Amino acid sequence: MRQFVYTGLPSRVIFGSGCVKKLSEEIDRLGAKRVLMISTPGRAAMVRSASTNLSVAGIFDKAVMHTPLEIANQVRELAKELRADCCVAVGGGSTIGFGKAVALTSGLPVVAVPTTYSGSEMTPIWGLSEGGLKKTGRDPKVLPKTVIYDPELTLDLPSEVSAASGMNAIAHCVEALYAHDGNPIVSLMAEEGIRALASALPRIIFNLKDLDARTDALYGSWLAGATISTTSVALHHKLCHVLGGMGLPHAETHSIVLPHAMQYNRDAAAQAMGRIAKAIGAVDAPRGIYELEKSLGLPLRLADIGMQQADLERAARIAAEAPYPNPRKVEYGPVLALLRNAYEGRRP
Ligand code: NAD
């Protein structure tokens, strides 16, 4: 075993079917009296029903993808006007991103009630976009104080969002397994997260209302978020950040790029690949992930989600010029080949 450093981050997790009912108890525990509820327009009804019995000072239901700075400033202003003392974000990674944006400038505590598998609720990572560029950073202030995982809230998550968001979570686990600053505890969580999600997603696609499968997927996404909360991410996440900046949808981009980024790292991270293959019951990890995505009906080609062929070289250049630490050296030529494979959806 190599040397390692393990940092545990403080967060309280309430997990289980129906546990959103404990929201008011959890807010009392934080001593909050003026809650600002945050959601996308799509989850507004869910937020209103979760607000009964809470001391709600106001509701912001205009969260959108990529946390544009202009809209983040609107919710920050609203929090000030209302003299809010806590934010409750009910929704996917986009909504939780708005809670984090408020916390970043005000230090207000965030309670997250995730309804997708993005894993953002477990991380101190924030992101804000402005002028087509996304800035990200890590700050302990934005880590939600309490996370309430209620699988019943995910029963209406459509199949394509469920599958893509689940693969986004698997991508966190994959990169945690070969992170340069990984450790044995995080690796255990990552392997178990992959196992839980890979077993749950096909059952969800077969029956969206399968509560056991929804529970397993949410469990896996909790583990996935926890893995990247303290370990670094590598080439795969770098490429997805670059492509996200070019306007590609977050979770689908993760899903399409993942088997190709794994193929890139296959020999340099052989031990991690072995653990991933075992967790998904495949002989070969990159190919197994590709086959899983195919079986879930996910798009397999960047060409199908808005990538322009003319932008492949630019994306490879940005990724190679300022790489994240990665098991295999990040070089322009091989990264361009990776992106071309992902663009055409070739089987690894
Ligand atoms: P999302 O939050 O944009 O949600 C996707 C869609 O699903 C939206 O239309 C939403 O309204 C809908 N939806 C959400 N929950 C639903 C439910 N229960 N039923 C029906 N529909 C529902 O997508 P996402 O993939 O969860 O999050 C993506 C964002 O999260 C990106 O901006 C990404 O950068 C960020 N993210 C951040 C981190 C982090 O650690 N900071 C980690 C992962 C993702």
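**Entry 1: Ser165**

I began with Ser165 and found that this residue is buried, with a relative accessible area of 5%. The label "buried" applies because the cut-off is under 20% relative accessible area. I noted that the model is a predicted one. I then looked up where Ser165 sits in the fold, and it belongs to helix α5, which spans residues 159-177. Next I asked which residues Ser165 is in contact with, leaving aside its neighbours within four places in sequence. I recorded Thr116, Tyr117, Ser118 and Ala251.

**Entry 2: The ligand and its shell**

I turned to the ligand and counted 22 residues around it. Those that come nearest are Gly93, Ser94, Thr115, Thr116 and Thr123. Thr116 was already in my notes as a contact of Ser165.

I then looked up individual atom pairs. In Thr116, a polar side-chain atom is 2.6 Å from an oxygen atom of the ligand. In Thr123, an N or O atom of the side chain also lies 2.6 Å from an oxygen atom of the ligand. For Ile125 I found that a backbone N or O atom is 2.9 Å from a nitrogen atom of the ligand.

How much of the ligand does the protein bury? I recorded that the ligand taken alone exposes 860 Å², and that the protein buries 83% of that. I also checked which elements give two or more residues to the shell, and these are α4 (93-106) and α5. The most comes from α4, with three residues. Sorted by class, the shell holds twelve polar, six nonpolar and four charged residues.

**Entry 3: The nonpolar cores**

I next examined the largest nonpolar core, which has 45 residues. Within this core, Met167, Ile170 and Ile194 touch the most other members. I listed the elements that give two or more residues to this core: β8 (146-149), α5, α6 (184-206), α7 (211-230), α9 (250-265), α10 (270-280) and α11 (285-295). The largest share, ten residues, is from α5. I noted that α5 is also the helix that holds Ser165.

Finally, I found a second, separate core of 25 residues; among them are Val242, Val257, Ala261 and Ala315.

Definitions and conventions. Residues are numbered from 1 along each chain as its sequence is written. This is a predicted model: local features need pLDDT of at least 70, side-chain atom pairs count only at pLDDT 80 or more; totals for chains, interfaces and linings use all residues. Side-chain values use heavy atoms; hydrogens and water are left out. Helices (H or I, at least four residues) and strands (E, at least two) are DSSP runs, numbered from the N terminus. Buried means under 20% relative accessible area, exposed over 50%, partly exposed in between (1.4 Å probe, protein chains only). Contact means heavy atoms within 4.5 Å. A residue is near a molecule or strand if one of its heavy atoms lies within 4 Å of it. A polar contact is a pair of N or O atoms within 3.5 Å; within protein, one must be able to donate a hydrogen and the other to accept it, and residues adjacent in sequence count only if both atoms are side-chain atoms. Accessible areas come from the Shrake-Rupley method with a 1.4 Å probe; for residues, only the protein chains shown count as cover. Ala, Val, Leu, Ile, Met, Phe, Trp, Tyr, Cys and Pro count as nonpolar, Asp, Glu, Lys and Arg as charged, and the others, Gly among them, as polar. A nonpolar core is a set of buried Ala, Val, Leu, Ile, Met, Phe, Trp, Tyr and Cys residues joined through side-chain atoms within 4.5 Å.
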